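Good morning, everyone, and thank you for making time for this short talk.

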Amino acid sequence: MPGLIVKHKKLFFVFFLFTLLFWLVTVQVKNGRFSFIEKPVLYVSSFFERIITWTFTSVESVGSRYVFLVHAHGENERLKEEINRLQLDNAVMNELLIENERLRDALKFKGLNPLASITAQVIGKEMSPTSSTITINKGSGVGIEKDMAVITPAGVVGRVQAVLAGSSKVILLTDPGSTLAVRVQRNREEGLLEGKLVNCALKYVSYYADIQQGDLLVTSGLDGIYPKGLAVATVVKVTKREASAFQSVVAEPVVKFSRLEETLVFKK
Amino acid sequence: MKPGIYLIVFLLIIPFQASLLNPLSIAGIKPDLALALLYVIGLITGPIEAALVGMGIGLILDIGSASFIGVAGFTRGLAGLSASLLGRKVLDISSPSSGIFLAAFSLVEDICIALFLQLCYGEIPFFSLLASRIIPRAIYTGALGVALLHLLAGRNVLAALKRRDVQKEL
């Protein structure tokens with residue numbers, strides 16, 4: 001036997017590595033994902049991602065800004081920014097209106113503060129069959145911390161998973177490792193939204209709860225990560241099974257991740 | 001192949017996949033550059049080297065993503081090993097049939113991972129994932145692989161690398 005191992009030592013080494021990787025995965029399934037050497041890898045990759053994105057942006061801006069539309073481009077950018085801000089304000093107002101309708105004490109309501117956010121550009125996007133993440137061009141240098149909420153004016157994008165000085169990795173809503181506390185905007189039913197790669201699933205919703213297709217799910221603020229009242233996803237399918245105490249609810253994120261270019265990171 | 005080339009591959013694989021391929025994205029689907037590259041490496045090198053490179057690339061992708069560390073390391077290791085074993089049987093590695101093999105590799109790998117995630121998390125919409133991500137990605141990756149092999153074959157890089165590897169083995 002030892003002779004056989006010595007003769008095929010390379011083959012045994014590869015087999016050993018495969019076994020080691022398999023063991024590593026099984027350990028993480030039990031105890032959660034490891035995050036070792038995440039920062040050096042993120043550092044190197046974001047450095048090159050920055051260069052690539054800068055190159056693309058520069059080429060694009062030469063074409064659009066200087067050659068074709070000198071003034072219109074700047075104006076367009078300004079108006080887009082204003083629309084984004086107004087959309088965000090509108091989302092906040094809607095929530096406030098619902099709060100008021102239910103005669104809650106307005107003074108106790110901790111509203112959202114759009115000023116306490118950092119605008120960041122998406123420099124990398126990876127939506128593979130295993131995970132859904134993006135890289136943004138802002139990091140701890142401007143006050144971003146792990147587990148901060150990342151949003152757009154349309155709704156929630158995800159949360160910060162790893163932070164470097166000049167960039168951060170964001171885990172998207174659809175990633176299987178993502179969970180957030182939400183409630184149905186219409187009737188305030190609560191649940192936990194989990195990422196399912198192509199969409200999300202609303203978990204732990206009672207069989208008797210009134211959930212309908214088209215219902216908007218908003219953050220409940222109970223997870224301590226996302227501010228209350230942000231649009232998250234729309235219910236697309238509701239299934240009730242007699243044998244289960246819970247409903248099976250499928251929801252689609254309101255933000256289209258494939259078109260994502262800029263995000264806001266909420267400061268805690 | 002030279003370790004320096006592998007180092008460059010390891011350093012650049014995430015930024016190239018996450019940023020450089022963005023303009024090629026169709027409805028959020030991008031080809032799997034890492035797998036296409038690994039397939040090419042597998043075709044021109046020995047099985048052990050290809051398996052080790054596959055594990056390395058996979059581990060880097062795992063660390064850079066939000067998935068369990070080791071999943072892609074394991075599957076990419078197997079992909080490298082299989083591509084290398086296949087490379088010994090295939091006479092013309094720059095033929096378009098390589099694209100079909102590569103697409104099949106991508107399809108099998110992603111299906112295995114989706115089933116694994118189904119076991120871990122449950123309720124993963126498998127068929128929806130298959131139709132919206134896995135199959136389009138496999139086709140796209142196959143096409144990228146053909147383009148990559150065609151490019152390398154056109155510049156005689158492939159033949160030179162393979163010749164050197166065969167000489168090394170002899």
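This is a predicted model: local features need pLDDT of at least 70, side-chain atom pairs count only at pLDDT 80 or more; totals for chains, interfaces and linings use all residues.

Let us begin with chain A, which holds four helices and 12 strands, and whose C-alpha atoms fill a box of roughly 80 × 65 × 30 Å when the box is taken along the principal axes. Of the 268 residues of this chain, 38% count as buried. If we take the contacts in chain A with a separation of 6 or more, residues 24 or more positions apart account for 57% of them.

Now to the strands. In general, the strands of a sheet pair through backbone hydrogen bonds, and the pairing can be parallel or antiparallel. In chain A, six strands form a closed barrel with antiparallel pairing, in the order β1-β2-β5-β4-β3-β12, and on average neighbouring strands of this sheet are turned by 45° against each other, with direction ignored.

I would like to stay with β5 of chain A for a moment. Which strands does it pair with? On one hand, β4(A), residues 155-163, and β5(A), residues 168-172, pair in the antiparallel sense over five bridges, and a hairpin of four residues joins the two; A:Gly158, for instance, has A:Leu172 as its bridge partner. On the other hand, β2(A) and β5(A) also run antiparallel and are joined by four bridges, with A:Thr133 bridged to A:Ile171.

Is β5(A) mostly covered or mostly open? It is mostly covered, since five of its five residues are buried. The covering applies to both faces, with A:Ser168, A:Val170 and A:Leu172 buried on one side, and A:Lys169 and A:Ile171 buried on the other.

Let us turn to chain B. The contact between the chains takes 44 residues from chain B and 46 residues from chain A. On the chain B side, α1, α3, α4, α5 and α6 each supply at least two residues, and α1(B) gives the most, with eight. Sorted by kind, the residues of that side divide into 28 nonpolar, 13 polar and three charged.

Finally, there is the largest nonpolar core, which has 101 residues, and in which A:Leu217, A:Val232 and B:Leu38 touch the most other members. Helix α2 of chain B, residues 33-44, gives the most to this core, with 11 residues. As for B:Leu38, if we leave aside its neighbours within four places in sequence, its contacts include B:Val53, B:Ile57, B:Ala79 and B:Ala83.

Technical notes. Residues are numbered from 1 along each chain as its sequence is written. Chains are lettered from A and ligands numbered from 1 in the order in which they are written. Two residues are in contact if their C-beta atoms, placed from the backbone, lie within 7 Å. Ala, Val, Leu, Ile, Met, Phe, Trp, Tyr, Cys and Pro count as nonpolar, Asp, Glu, Lys and Arg as charged, and the others, Gly among them, as polar. A residue is buried if 20 or more other C-beta atoms lie within 10 Å of its own, exposed if 12 or fewer, and partly exposed in between; C-beta atoms are placed from the backbone. A nonpolar core is a set of buried Ala, Val, Leu, Ile, Met, Phe, Trp, Tyr and Cys residues joined through C-beta atoms within 7 Å. Two strands pair if DSSP finds at least two bridges between them. Axes are lines fitted to C-alpha atoms, for helices over the stretch in contact, and angles run from 0 to 180 degrees between N-to-C directions.
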